[in-house]
Amino acid sequence: MMQEEKNIVIVGGGITGLTAAYQLQKRIKEMDLPYTIKLIEASSRLGGKIQTIHKDGFTIERGPDSFLSRKKPAVQLVEELGLTDQLIQNATGQSYILVKNKLHKIPSGSFMGIPTELRSYLFSGLVSTSGKLRASLDYVIPKGKEKTDQSLGFFFRRRFGDELVDHLIEPLLSGIYSGDIDEMSLLATFPNFYHLEQKYGSLVRGLKQTMPKTNKKAKKKSGMFYSFKNGLETVVKTLEQELNRQSIVLNTTVDHIEKKEHVYHVLLDSGDVYKADAVLMATPHNTLSKIFSQYKMFEAIKDVPSTSVANVALAFDASAIKKEIYGTGFVVSRNSNFRITACTWTHRKWPTSTPLGKVLLRCYVGRPNDEEIVDLSDEEIIQVVLKDLNKTMKIRKKPEFTVITRWKHAMPQYTVGHLERLEKIRAAMKEKLPGVWIAGSSYEGVGIPDCIEQGRNAANHIVEYVMKKL
Ligand code: FAD
């Protein structure tokens, strides 16, 4: 059955596609454009990786738990949606790195593990004396000659040596990307570090010059992250309410997209076809080569890896924890004999997530070279997690309940050459697939604010494009 409409189709109802749909709806209304939007989502719900559940008074995030408050696109969207009064900020507290099975405080004055205050590093047991001496060579090592992309690992190891990288920088950065820093692209993930090195010669000097000065006497009470009283899904539900009901098509997978003379035919698994003047692909990168199988341009990213992880939430009565560490959580370095990669003491970091007298721990398993753990049964995963947790805490009772969420091939890896590949794909799309855009976590940032910005930008490009067609 062919539906005769003037459509803009958005494929994928995660935060990228949802933001794009919201922005498009607004612009279409403002400009009185003769277009309808179809947001097509394969699953039975909107939000993609953002999923909150409520159980026995706990608020549990199955995917992301917050977004960075300093990144403006998310804050702007929250304001526009009238959700500012529902925002909550994380409580600050000591966070740790587990190195060779021992918990160490993350030294104060570090940025992503890079020292900006030497004193706190000198007294930290995280790095040996020779490791500290090697790291201090950052002041004298000349800036790199590489003008093209390089791995984060190569860049940081050259500046600071292996020990600081393996004990501090790698666990912190891998916590964000779940990736291998010796494969990840410097320019696609932290281009500012490259620019600081080029400008100041030393990264430590560059960070000291450019980081905002903190008033050491004013104790920080609130953190760098935002969520909502009712969980992150608040933003998803609100966006959903703002959209016209007819725009949302759930339980429908886009199978194929074909370019015809004036429009695209979007073929659905139901057998229906939508005609579209413009299309936004807000799905993971590995869906593209199948959906546009007649085009070669997406082959370049087809096999770019996405790491599998599982998020394991464990709810306890407080009496179950006999030895607790004061803090908000820890990340694990690879040279530790642990399979969990991180643990957040969620009841501390987000106090409203947990009823009084209870404890909520949220752990991750799965990293490059240990992705198979995600395929273990729930019981096996819980056993691994509890065994690891008991190496740092004393947990004497079983959890009241657990929630395991497997994220298979869900963390896209921006490997070396990412930006160059993206540029080539976009150039080829402009020529061969005019009116089709790609946006979302596979491309220009995995964080929620980055996805929101990409969704909004894509919507604005689409408006410009369809206006020229009128
Ligand atoms: P997705 O959320 O993946 O949405 C894509 C949608 O496309 C899905 O709903 C999917 O069903 C749909 N789809 C796929 N194929 C088709 C098809 N053929 N037809 C129709 N629909 C299709 N970011 C932060 O800022 N803070 C965090 O704390 C944080 N933690 C994270 C923890 C985990 C476990 C994960 C996995 C990610 C985390 N992130 C975090 C990253 C962030 O959550 C994601 O990058 C972001 O939510 C991705 O949004 P998206 O819309 O681009 O993609």
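I shall speak about the ligand site, then the salt bridges, and finally a helix and a surface patch.

First, a word on the basis of these values. The model is a predicted one: local features need pLDDT of at least 70, side-chain atom pairs count only at pLDDT 80 or more, and totals for chains, interfaces and linings use all residues. Residues are numbered from 1 along each chain as its sequence is written, and side-chain values use heavy atoms, with hydrogens and water left out.

Let us begin with the ligand. There are 31 residues around it, of which Thr16, Glu41, Lys49, Ser66 and Val446 come nearest; a residue is counted here if one of its heavy atoms lies within 4 Å of the ligand. By class, this shell holds 14 nonpolar, 14 polar and three charged residues. In that classification, Ala, Val, Leu, Ile, Met, Phe, Trp, Tyr, Cys and Pro are nonpolar, Asp, Glu, Lys and Arg are charged, and the others, Gly among them, are polar.

Which atoms of the protein lie 2.7 Å from an oxygen or a nitrogen of the ligand? An N or O atom in the side chain of lysine 49 is 2.7 Å from a ligand oxygen, and a polar backbone atom of serine 66 is 2.7 Å from a ligand nitrogen. A polar backbone atom of serine 441 lies 3.1 Å from an oxygen of the ligand. Taken alone, the ligand exposes 1,000 Å², and the protein buries 86% of that; the areas come from the Shrake-Rupley method with a 1.4 Å probe, and for residues only the protein chains shown count as cover. The elements giving two or more residues to the shell are α1 (15-31), β24 (401-412) and α16. Such elements are DSSP runs numbered from the N terminus, helices being H or I of at least four residues and strands E of at least two.

I turn now to the salt bridges. The count is 26, where a salt bridge is a side-chain nitrogen of Lys or Arg within 4 Å of a carboxyl oxygen of Asp or Glu. In one of them, aspartate 138 meets arginine 159, with the closest N and O atoms 2.5 Å apart. Aspartate 138 lies in the loop between α4 (129-136) and α5 (152-160), and arginine 159 in helix α5, so the pair ties together parts that are 21 residues apart in sequence. Aspartate 138 is buried, at a relative accessible area of 0%, and arginine 159 is buried at 0% too. Buried means under 20% relative accessible area, exposed over 50%, and partly exposed in between, with a 1.4 Å probe and protein chains only. A network of salt bridges links Asp138, Arg158, Arg159 and Glu197.

Within helix α10 (residues 233-242), glutamate 233 and lysine 237 are four residues apart, about one turn of the helix. Their side chains form a salt bridge at 3.3 Å, N to O.

Finally, the helix and the patch. In helix α2 (residues 72-80), the buried residues are Pro73, Ala74, Val75, Leu77 and Val78. Glycine 82, which follows α2, has a positive phi near 70 degrees. Methionine 467 belongs to helix α16 (residues 448-469) and is partly exposed, at 38% relative accessibility.

Definitions and conventions
Polar contact = N/O pair within 3.5 Å; in protein donor to acceptor, adjacent residues only side chain to side chain.
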